[in-house]
Amino acid sequence: MAVNLVNVEAVSKVYGTRALLDGVSLGVSEGDRIGVVGRNGDGKTTLIRMLAKLEEADTGRVTHSGGLRIGVLTQHDSLDPEATVRHEVIGDMADHEWAGSAKIRDVLTGLFGGLALPGFEHGLDTVIGPLSGGERRRIALAKLLIAEQDLIVLDEPTNHLDVEGISWLARHLRERRSALVCVTHDRWFLDQVCTRMWDVQKGTVYEYEGGYSDYVFARAERERIAATEETKRQNLVRKELAWLRRGAPARTSKPRFRVEAANELIQDVPPPRDTSELMKFATTRLGKTVFDLQDVSVQAGPKLLLKHLTWQLGPGDRIGLVGVNGAGKTSLLRAMADAARSDGEKQPAAGRVVVGKTVKLAYLSQEVAELNPALRVLEAVQQVRERVDLGKGREMTAGQLCETFGFSKEKQWTPVGDLSGGERRRLQLLRLLMDEPNVLFLDEPTNDLDIETLTQLEDVLDGWPGSMVVISHDRFFVERTTDRVYALLGDATMRMLPRGIDEYLERRQRMTEAAAPAAPAPAAAAPAGTKAVSAADARAAKKELQKIERQLDKVSEKETKLHAQIADNATDFEKVAKLDAELRELVGEREELEMRWLELAEDA
């Protein structure tokens, strides 16, 4: 029987006139991996701080088992700014001691990319004081994970980690024997790591078995039975459940909810996006040309981030952009945005960006735009527009869109200066969408947003007709809102990934293994049989790659239509046989195109 580590008994906490937690009783046992979710400001951080005895409850009590070893990652670290990374993370251990520990090597490689800490000027001997908040946070996380703990409590551990770092952390926590309580908005991470969920809502904590997918189903079912939540929220949860059930089988490692009940719950929920309809509408709004990059090179100071990039963003394209930090994702979007804002006058270091005449760009950067703090939320939105056309006959007033983004009628009269960081991020997104753009650049749009707001944003984007590029470390959001994934792997090129983020992680792993320290070898001639590729051939290969990618999109659309026709004519065996033959031909065509794409990718 699992030993109880922490007991929370009838705990309440009040701030001002608001009860964040009201008579909450919970327990954490050995082997538990608990994910904590809920809206920003509903008390998630307060709950785990009281769990760790970093904050006192107003009433009730929290008890720890005798000799409990607990490690806590809070939003603000307590690292000594005068100390070095070595002192804080490894302490007084000799080099041969820590280098001989498989756990320490795994943590340093997973969080910093190597034992020598390649991102830090002086490696382990770098002084902490001048480092950024993200770097300090990774150091604090490394320090915690290297120690032996019975219980680990983490508050937003995936912040400042890239896709690779998040994937590593999920694997590391799954393999540890420590119990875990974790607050995060990263839904993929929750599904990979957690076996239980706590949902903090209006002073109460609801418990669910399983990871995020199980929680979505159980919550939707609970709300359907109790009928206590408003229709809009029910529909959003059911829509996300439909996405999870219809997604790739590998999207979650533990889909334990009952398939029959889930299918019954979502049988009348349409697919998240009608891709063909949105593409048609986007083409009428944008024409044929949106962004056409011709042999473009992008620089950040003296560093060449991208070279000889030939690529097109077409009408209705929904692109996810992933890559290592510093590879040029944000710089690429800025170069495209500069060309759009200057009517093509401002161009990158080399090459040319051609912008469609009808392009109306909205760019959400990582920095939160400053607004007059005295303005009310509704006034800040109405400054942009009173009503917005969301396409397909959907129209919303400024107040209605505010409510969709979590600003209740009362909250709409809050001064902007009183909003939290997450609320300001939401307001920034809201103002962008109110301006009715037809091209969206979203650079880390999920920063500071809670899960409920993310599902609302995804719902709005589902019916948004235009072209979109999303940079995000939130794997769930990228897979949910985009149709194709491109990667910047740090070698000054951009590649399409037919298999999405899984393929990106595989490529990065191979690159890391290939870059592992080895004995230096003298320069040698290219091996016999190696094909030398000229710059002209490489450019030609890139153009053909673009052509093949468009063909793959068309083949995919045809496959989708054929699957629908087969389902509609399931009782007509003759017609099904004919459609099945067409489908097999299409599958063969797609496989040939993918093979050709892979061959060209080597040349490009």
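Axes are lines fitted to C-alpha atoms, and the angle between two helix axes runs from 0 to 180 degrees between N-to-C directions. The model discussed here is predicted.

Q: At roughly what angle do the axes of helix α4 and helix α5 cross?
A: Helix α4 covers residues 102–112, and helix α5 covers residues 133–146. Their axes come within 10 Å. The crossing angle is roughly 160°.

Q: Is α4 roughly parallel or roughly antiparallel to α5?
A: The axes of α4 and α5 cross at roughly 160°. Angles over 145 degrees count as roughly antiparallel. Therefore α4, relative to α5, is roughly antiparallel.

Q: How many nonpolar, polar and charged residues are in the contact of α4 with α5?
A: On the α4 side, the residues are Lys103, Ile104, Val107, Leu111 and Phe112. They meet Arg138, Ile139, Leu141, Ala142, Leu145 and Ile146 in α5. Lys and Arg count as charged. By class, the contact has two charged, no polar and nine nonpolar residues.

Q: Is Trp198 buried or exposed?
A: Trp198 is found in strand β8. Its relative accessibility is 0%. Buried means under 20%, so Trp198 counts as buried.

Q: What distance separates the C-alpha atoms of Trp198 and Gly38?
A: Trp198 and Gly38 are 160 residues apart along the chain. The distance between their C-alpha atoms is 8.4 Å.

Q: Which residue has a side chain joined to that of Gln201 by a polar contact?
A: Gln201 lies in strand β8, residues 196–201. Gln201 is buried, with a relative accessible area of 10%. A polar contact of 2.6 Å joins its side chain to that of Asp199.

Technical notes:
Residues numbered from 1 in each chain as written. Predicted model: local features only at pLDDT ≥ 70, side-chain atom pairs only at ≥ 80, totals over all residues. Heavy atoms only, no water. Helix = DSSP H or I, 4+ residues; strand = E, 2+ residues; numbered from the N terminus. Parallel < 35°, antiparallel > 145°, perpendicular 65-115°, else oblique. Contact = heavy atoms within 4.5 Å. Buried < 20%, exposed > 50% of the residue type's maximum accessible area, 1.4 Å probe, protein only. Polar contact = N/O pair within 3.5 Å; in protein donor to acceptor, adjacent residues only side chain to side chain.
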